[in-house]
Amino acid sequence: MNTLPNDPVILLSTVNMKLRDFYPSLEALCEDTGVNPQELIEKLASIDYEYDAASNQFI
């Protein structure tokens, strides 16, 4: 995940901003940035956030 911040809290903020402003889904963000979606999901799960497809954000 070298294209996104490593710190989970900053990562959360960055990913949610990108999902809100630029990407229609987590899959689109991961494909465009070359990030493994499972790795991203696990990293944000470590701070008790999970992806909600209906709202297209980690909550």
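Visitor: What share of the contacts with a separation of 6 or more in the protein comes from residues 24 or more positions apart?

Guide: Such residues account for 52% of them, where contact means heavy atoms within 4.5 Å. Please keep in mind that this is a predicted model, in which local features need pLDDT of at least 70 and side-chain atom pairs count only at pLDDT 80 or more, while totals for chains, interfaces and linings use all residues. Residues are numbered from 1 along each chain as its sequence is written, and side-chain values use heavy atoms, leaving out hydrogens and water.

Visitor: What makes up the secondary structure of the protein?

Guide: Three helices and two strands, in the order α-α-α-β-β along the sequence.

Visitor: How do you know that the radius of gyration agrees with a compact globule?

Guide: The rule is 2.2 Å times the number of residues to the power 0.38, with the radius taken over C-alpha atoms. For 59 residues that predicts a value near 10 Å, and the protein has 10 Å, so the two agree. Along the principal axes, the C-alpha atoms fill a box of roughly 25 × 20 × 20 Å.

Visitor: Why is Val15 called buried?

Guide: Buried means under 20% relative accessible area, exposed means over 50%, and partly exposed lies in between, using a 1.4 Å probe and protein chains only. Val15 has 0% relative accessibility, so it counts as buried. This residue lies in helix α1; leaving out residues up to four places away in sequence, Val15 touches Leu4, Leu29, Leu40 and Phe58. Across the protein, 31% of the 59 residues count as buried.

Visitor: Which residues have the most contacts inside the largest nonpolar core?

Guide: Val15, Leu40 and Phe58, in a core of 13 residues. The elements giving two or more residues to this core are α1, α2 and α3, and α1 gives the most, with four. A nonpolar core is a set of buried Ala, Val, Leu, Ile, Met, Phe, Trp, Tyr and Cys residues joined through side-chain atoms within 4.5 Å. Beyond its neighbours within four places in sequence, Phe58 has contacts that include Leu12, Leu19, Leu26, Ile41 and Tyr51.

Visitor: What puts the buried residues of α2 on the same side of the helix?

Guide: In α2, residues 26-33, the buried ones are Leu26, Leu29, Cys30 and Thr33. They cover an arc of only 95° around the axis, so they share one side of α2; the arc is that of the directions from the helix axis to the C-beta atoms. On the other side, Glu27, Glu31 and Asp32 are exposed. The cover over the buried residues includes α1 (8-21), α3 (37-45), β1 (51-52) and β2 (57-58). After α2 comes Gly34, with a positive phi near 75°.

Visitor: Why is the pairing of Asp21 and Arg20 called a salt bridge?

Guide: The term requires a side-chain nitrogen of Lys or Arg within 4 Å of a carboxyl oxygen of Asp or Glu. Here the N to O distance is 2.8 Å, so the pair qualifies under the 4 Å limit. By this rule the count comes to one salt bridge.
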